[in-house]
Amino acid sequence: VGAGAGGCELALSMQARMLTELKKRGFTAAEALRCVRVTICSRRGHVMPSHGQETQRTFLEVMRKRQIRVELKCEIMSHRPGVLVARDGRKIGFDECIWCTQAGAAPWLRAIEGLKLDANGFVRVNETMETSVANFFACGDVASLLDPRPKAGVFAVRAGPVVAANVRHALAGRDRASWEAYLPQRYFL
């Protein structure tokens with residue numbers, strides 16, 4: 001469930017891996033495709049909402065070719081064993097469900113004295129990934145960069161070494177002027 005970049009990537013990757021494993025076990029491509037049915041649900045009328053229309057069309061075409069079912073305007077409101085229930089009453093059966101939804105900030109962050117958050121509750125960080133609380137660092141989806149980026153794992157992966165280095169600098173008592181700056185890449189797909 002989830003038709004953003006993460007949900008689309010997971011759906012395509014998991015399908016490819018399962019098909020490969022079935023083929024190793026002697027299934028033909030057609031047999032494997034009948035066994036592995038993947039569905040993506042998007043509460044919006046499109047997939048990849050943070051991307052341009054050309055990217056959205058491209059991914060829909062890839063999903064069609066790969067026989068991945070895409071349910072648009074399908075906001076999942078509840079579930080019970082083996083069934084997702086959409087706001088409009090649609091029921092989508094499943095054997096396994098992977099939730100890949102929009103990032104959300106944990107409410108307990110608001111209780112940390114002096115910690116500055118953005119309008120969505122994510123932790124504001126500077127270029128060294130330090131928060132408004134001295135020697136308190138954040139990266140990944142919880143972090144709100146000075147130059148905001150979409151919530152995507154690639155930013156966390158690349159910010160991780162900067163945070164690790166700056167934690168070491170902080171523990172060693174080094175001057176903040178010598179700390180490393182995180183410069184996120186412009187594109188991430």
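Two strands are said to pair if DSSP finds at least two bridges between them. Helices (H or I, at least four residues) and strands (E, at least two) are DSSP runs, numbered from the N terminus. The structure described here is a predicted model, in which local features need pLDDT of at least 70, side-chain atom pairs count only at pLDDT 80 or more, and totals for chains, interfaces and linings use all residues. Residues are numbered from 1 along each chain as its sequence is written, and side-chain values use heavy atoms, with hydrogens and water left out.

The protein chain contains four helices and seven strands. In sequence order, these elements follow the pattern α-α-β-α-β-β-β-β-β-β-α. The radius of gyration, taken over C-alpha atoms, is 21 Å for the protein chain, well over the 16 Å that the globule rule gives for 189 residues, so the chain is more spread out than a compact globule. The globule rule is 2.2 Å times the number of residues to the power 0.38. The C-alpha trace spans about 60 × 40 × 35 Å along its principal axes.

Of the 189 residues in the protein chain, 31% are buried, that is, under 20% relative accessible area with a 1.4 Å probe, protein chains only. Contacts are defined by heavy atoms within 4.5 Å. Among contacts between residues at least 6 apart in sequence, 46% join residues at least 24 apart. The accessible surface (Shrake-Rupley method, 1.4 Å probe) comes to about 12000 Å², and 54% of this surface belongs to carbon and sulfur atoms. The mean positions of the 28 positive and 18 negative charges lie 5 Å apart.

Strand β4 takes part in two hairpins. Strand β3 (residues 76-80) pairs with strand β4 (residues 83-86) in the antiparallel sense over four bridges. Two residues separate β3 from β4 in their hairpin, and G82 in the turn has a positive phi of about 80°. Within this pairing, R80 has V83 as its bridge partner, and H79 has L84.

β4 also pairs in the antiparallel sense with strand β5 (residues 91-93), over three bridges. Here L84 stands opposite I92 in β5. The hairpin of β4 and β5 has four residues between the strands, and G89 in the turn has a positive phi of about 95°. From β4, V83 and V85 point one way and L84 and A86 the other way; all are buried.

Definitions and conventions: Buried < 20%, exposed > 50% of the residue type's maximum accessible area, 1.4 Å probe, protein only. Lys, Arg positive; Asp, Glu negative; His and termini not counted. Charge placed at Lys NZ, Arg CZ, Asp CG, Glu CD.
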